[in-house]
Amino acid sequence: MAGYLLRRLGMSILLLFGVTLVTFSLANLVPGNPIVAALGEGAASNPATVAAYIEKHGLDQPLPVQYLNYLVNLFQGDMGVSLRTGQPVASDLAKAVPATIEVAIGAIIVSLAVGVALGALAAYRRGKMSDQVVRVVSLLGLSIPTFWMALVAFNIFFLQLGIAPGSGRLSPILAPPPTVTGLYTVDALLAGQWVTFMDAMAHLMLPVFVLSLFTIGLLTRFVRTSVLEVLDADYIRAGRAKGLSGPRMLFGYTLRGASLPILTIVGLAFGSLLSGTVLVEAVFAWPGLGSYAYNSATSLDLPGVMGVGLVVGVIYLGINFAVDILYGVLDPRVRLA
């Protein structure tokens, strides 16, 4: 297992350097003039100001040298200064990433609980009415655009019924809890602020609900397919012939046999939730990674765009590494291969 982990870790480190190279290269290929975006039209018309800016940021150096300087700054924790906010990109992302992680964790927990249950039910009831209903519901979840569902949920539950908070992570009358993890629900629990915790949970309801719909549909169909493949295996038929009970067959053998492909799709879905919540965050005014990425891109804030690209790459690498570890834990054949 140690050798397996070292191999996967080495591959992840190499991929991380690849992510930095791709992020740096794409940022330099973005159309538009970043100097004008940084200085403004007035200052950019002054050749002396432009020359001083280019010299300060090393933009007159060859691209390989600029990339090496970028790596050196990254190792020192310096991701540059945002042209839009005027703050270090690292501090901006330290506020935005926990907000997205909080809603993504809630969405993946709900999706796992509902998707695995519906998928296993549909597989066990193959061809029956319940199977047909689950398949139709999962198809609807996959077909409905997430941004449209966000608008519908916002209109119904906030504007019409008034049973859910409208936007943001907390009500304006409440102050954020002392920062420990950046997750308001966790930090409020750690501080013993129950009113803040309940308010943060209420603000999470609609974004989590909207983001869960697509992932539930995806997991349901994938779990159904994976469980059906395992149900046709010889050891499952042997277990039934020996009289093993339904719950024991389901949790002890069937779901465990189908766990590896399910684990893969869960990892991909979680990464997608962390990096693809732009429109949902815009509807609910959620100050997360998606909103930061959108604002940085529209204002040609290259340090912000590069920071978001790097964080998204690290997120996917971390998720893939965790999935690889779980592969080795669940299936000894993987770590021996």
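# Helices that pack around α9

α5 passes α9 in a right-handed crossing. This is a predicted model, and its secondary structure comes to 16 helices and 0 strands. Let's look at the protein as a whole, then at the partners of α9, and finally at some residues one by one.

**The whole protein**

- Of the 337 residues in the protein, 39% are buried.
- Take the contacts in the protein with a separation of 6 or more: residues 24 or more positions apart account for 73% of them.

**How α5 meets α9**

- Two packed helices are described by the angle between their axes and the distance between the axes.
- For helix α5 (residues 89-124) and α9, the angle is about 35° and the axes are 6 Å apart.
- Sorted by class, the residues of this contact are 22 nonpolar, 7 polar and 2 charged.

**How α8 meets α9**

- Helix α8 covers residues 184-191 and helix α9 covers residues 194-231.
- These two helices pack at an angle of about 165°, with their axes 8 Å apart.
- That angle makes α8 roughly antiparallel to α9, since angles over 145 degrees count as roughly antiparallel.
- The crossing in which α8 passes α9 is left-handed.
- On the α8 side, the residues that meet α9 are Tyr-184, Thr-185, Ala-188 and Leu-189.
- On the α9 side, their partners are Trp-194, Thr-196, Phe-197, Ala-200, Met-201 and Leu-204.
- The residues of this contact divide into 8 nonpolar, 2 polar and no charged.

**Aromatic rings**

- The protein has 7 aromatic pairs, counting rings whose centres lie within 6.5 Å.
- Elsewhere, Phe-24, Tyr-67 and Tyr-70 form one aromatic cluster.

**A closer look at Thr-196**

- You have already met Thr-196 among the residues of α9 that meet α8, and its place is in helix α9.
- Thr-196 has 6% relative accessibility, so it counts as buried, the cut-off for buried being under 20%.
- Which residues does Thr-196 touch, leaving aside its neighbours within four places in sequence? Thr-196 is in contact with Leu-170, Leu-174, Ala-175, Pro-177 and Ala-188.
- One of these, Ala-188, is in α8.

**A closer look at Ser-171**

- Where is Ser-171 found? Ser-171 sits in the loop between α7 and α8.
- With a relative accessible area of 18%, Ser-171 is buried.
- Not counting residues up to four places away in sequence, Ser-171 touches Asp-199 and His-203.
- Ser-171 and Ala-200 are 29 residues apart along the chain, and their C-alpha atoms are separated by 8.2 Å.
- Ala-200 belongs to the α9 residues that meet α8.

Key
Residues are numbered from 1 along each chain as its sequence is written. This is a predicted model: local features need pLDDT of at least 70, side-chain atom pairs count only at pLDDT 80 or more; totals for chains, interfaces and linings use all residues. Side-chain values use heavy atoms; hydrogens and water are left out. Axes are lines fitted to C-alpha atoms, for helices over the stretch in contact, and angles run from 0 to 180 degrees between N-to-C directions. Helices (H or I, at least four residues) and strands (E, at least two) are DSSP runs, numbered from the N terminus. Angles under 35 degrees count as roughly parallel, over 145 as roughly antiparallel, 65 to 115 as roughly perpendicular and the rest as oblique. A crossing is left-handed if the near helix is turned anticlockwise from the far one by less than a right angle, and right-handed if clockwise. Contact means heavy atoms within 4.5 Å. Ala, Val, Leu, Ile, Met, Phe, Trp, Tyr, Cys and Pro count as nonpolar, Asp, Glu, Lys and Arg as charged, and the others, Gly among them, as polar. Rings of Phe, Tyr and Trp (its six-membered ring) pair if their centres lie within 6.5 Å; planes under 30 degrees apart count as stacked, over 60 as edge-to-face and the rest as tilted. Buried means under 20% relative accessible area, exposed over 50%, partly exposed in between (1.4 Å probe, protein chains only).
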